[in-house]
Amino acid sequence: MSAPLLTLTDAGLYCPDGDFFIDPWQPVSRAVITHAHADHARPGSASYLSAQDGVSVLRHRLGPYAQIDALPYGDTQQIIGVRLSLHPAGHILGSAQVRVERGGEVWVVSGDYKTAPDPTCRPFEPIRCHTFVTESTFGLPIYRWPAEQEIFEQIHAFWRENQEVGLATVIFAYSLGKAQRILAGLDTSIGPIYCHGAVDSMNQRYRETGISLPPTTLVTEETHKDAFCRALILAPPSAQRSPWTRRLGDYAGGFVSGWMLIRGARRRRVVERGFVLSDHADWPGLLSSIEATGAQRVLVTHGHIVPMVQWLREKGLEAHGLQTRFEGELDEVSEESESKTNV
Amino acid sequence: MRAFATLYSRLDSTTKTNRKLGALRDYFSTAAPADAAWAVHFLVGRTLKRLINSRELQTWGAAAAGIPDWLFLECYSAVGDMAETLALLLPPPAESTPLPLHYWVEAVLARLGSLAEDEKRAALVNAWQSMDREQRLVWNKLITGGFRVGVSHKLVVRALAEAGGLPAATVAHRLMGDWTPSAEFFQQLLAKEGGTAEVSRPYPFFLAYPLEDPPESLGSITDWQCEWKWDGIRAQLLRRQGKTYLWSRGEELVTERFPEISEEAERLPEGTALDGEILAWKDGAVLPFALLQQRIGRKKLGPKILDDVPVALLTFDILEKEGQDVRAMPLSERRKYLAEILERLFLPRHILLSPMVEAASWEALAAAREGSRTRNVEGVMLKRLDSPYGVGRQRGPWWKWKINPHTVDAVLIYAQLGHGRRASLHTDYTFGVWHDGELVPFAKAYSGLTDEEIREVDRFVRNHTLERFGPVRRVEPTLVFEIAFEGIQKSTRHKSGIAVRFPRMARWRHDKKAEEADTLERLKGMIQETH
């Protein structure tokens, strides 16, 4: 039997036959990037390969001098001994699953993915493969997302309630991906929408890539507090404990994350309301995606690795854990570090 | 039960006191009395006897959710709350029951205990299938006995008072003591006039705030009565209609637990209510709290324990005299009544007058307070001589001026995941001190850190685990914390040979290395100082 297509090294997930890394956590010569969140796209590598849709947001993360090559979804590229292609993961704009093929054997690395609808990125496409490397951030059966429409109704009701008592509504969410997904789903007839700088710069990248988002205004030091009492303001989680919020006057805060499904997490956030909307697949989403790949072997990374592996084994699949340095287990902490790098 | 579930969600989804108050008031104003009575029961923290054990709940819950037991347990450890885990895991409900709260409690919940196992299971599964998610969560909270929703007793009283148009003190008093949740009870609770007074009903306790400013800020010491602050069980002793009732501050009837006090109380005049502290008391001196605790732990009080750990009620106030409520009288008057009554008891041994601390100046009082530890007291109490006996905790008339706690620097050696608000974070810590070149565990502490610090320690724990034993992680012994505690005792049950009272983290000693932490010898030295 020949060597496995992908192996884990100190620098990250490595493909020896193609001499490239996928989402490496140390600088390497060639990095294939699944998406532009901080724990997957780290600076310092000599060259990067990204899905075409993701180039603009990745450029924002890596700076003007990084060497970034683009590959449209579905196009195949021969890299030394393997054929590589990228396929929509439905996580954020430009997020990709990496398909690697060598002599008929196919591996797919999911990166982060979700199966719920999102108008700001291409939907997840299951790819048939022999080995599937899946994330497991929400890999427990307690995680089952409510319908998206229900969540937007809750956000809108919260916004209106706050308007009635003259409070600004601040929605704390990831500045890359989550914020744009919320923006695209908001009912703009309720009131004006403002954005924190970190969210605003990501909005620009989305608009440059051709994603249509409703009009928003940047919160600046000059904006008068009175402007906010009917408004909804989108801000990264790190802004919650910063002096920035003083610009807004009195406000009621909501936090948007899959973790908000759990009361403990919601109460720790010390916000008025938690809204359950995630960029990741829930338990049924993970299981149906794994099944749709037809993979006989599943490697489980960041999140609830142990229970996920055991569950898959009990279902007759070959499953193993893969200890990566993606920040699944740190949940809320990674959300903060993500947004801090954007501010 | 829908209305109650909605109330729960409203309370749970806000951190603002005013919104909580509004939600409670709305509920009490509109709910049927039979339901509102149960709502009060649960909201003030009264529970029903636990009717289902957690083993049964896990097994039946996992089966109803269609997952194996091991996966159910994984989920529970991620959520940190059994009721919520169940609510999240059960399949979407078939219907949303319109039946009221009192039905579910009286006709289902209260009867679970008398059912055979399979009937019990069927009743539970049927309840789950009848309820929407919101109701299910509340229901699960009720069956697990873990109903808490972040409203204080005081807030519930305020909401009831507003809903009924009554003074809060009236509602607080009517909520004291022994009552059964029923429509009649709730109607009496909010009745404009009198209501029928329960003979056993105690008065709400009056509580003191800790003194933060120097005592000089209180004006002249001649306006104040000073007493020792006892470290025992605060209690109210009632003698009415030829019967004796001894209530603890937790509103538990403890008459039987302290037969010496109850017997002597028979000699009290009819219509008397005294406020005091139950202490382990021998030869005119207080024994350490740990001994009292041992006695409380006993199911049966044999002659040996009664002999080894006798008790006394050190009384410091009188609330009812000859059947009249005297709480509005000034303290100086009440003290006179109290002294008279105790004098007439003739050589009491178990109902005593708590002595005043005589001090001519604040300096003299401060000096007396320094001797608290050798007397086994927690410090001194300051009460305005003209103060009436109020309700609950108020700033101004009464203050407690405690001595500073003991402190030692100790090393974090074990960590465990917390529950509830702290689920999925390592917040339960075990600390060690040095002995013969090894760290010996001596205390567990859960409180004292900020949320920010908790997150930081959690990250440290995850990245510096040396070993795991189930939920417990042994970590690299490098973090040093100052641990504060109130009392210290020899103990044969602990490996360290000592037990400390109310340990908590006073601060994180970033400036100290593990080697600089304190030793077991120093802790043992503290026991010497105390006695």
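This report describes a sheet of chain A and the interface between chain B and chain A in a predicted model.

Residues are numbered from 1 along each chain as written, and chains are lettered from A in the order of writing. Local features need pLDDT of at least 70, side-chain atom pairs count only at pLDDT 80 or more, and interface totals use all residues, while side-chain values use heavy atoms, without hydrogens and water.

**The sheet of chain A**

Seven strands form an open sheet with mixed pairing, in the order β7-β8-β9-β10-β11-β18-β19 (chain A). Its edge strands, β7 (76–79) and β19 (318–321) of chain A, each pair on one side only. Strands (E, at least two residues) and helices (H or I, at least four) are DSSP runs numbered from the N terminus, and pairing requires at least two DSSP bridges. β18 (residues 297–303) of chain A runs parallel to β19(A) over 4 bridges, with A:Val298 opposite A:Ala319.

Angles, from 0 to 180 degrees, lie between N-to-C directions of axes fitted to C-alpha atoms, for helices over the stretch in contact.

| Helix (chain A) | Strands touched (chain A) | Angle |
|---|---|---|
| α6 (residues 283–293) | β11 (131–136), β18 | about 170° with β11(A) |
| α7 (residues 305–314) | β11, β18, β19 | about 160° with β18(A) |

**The interface**

The contact involves 38 residues from chain B and 28 residues from chain A. About 2,900 Å² is buried between chain B and chain A, as accessible area (1.4 Å probe) lost and summed over both parts. Across this interface there are 5 salt bridges (Lys or Arg side-chain nitrogen within 4 Å of an Asp or Glu carboxyl oxygen). A:Arg266 and B:Asp12 form a salt bridge, with their closest N and O atoms 3.1 Å apart. On the side of chain B that touches chain A, α5(B) gives the largest share, 6 residues.

Methods:
Contact = heavy atoms within 4.5 Å. Buried area = accessible area lost by both parts, 1.4 Å probe.
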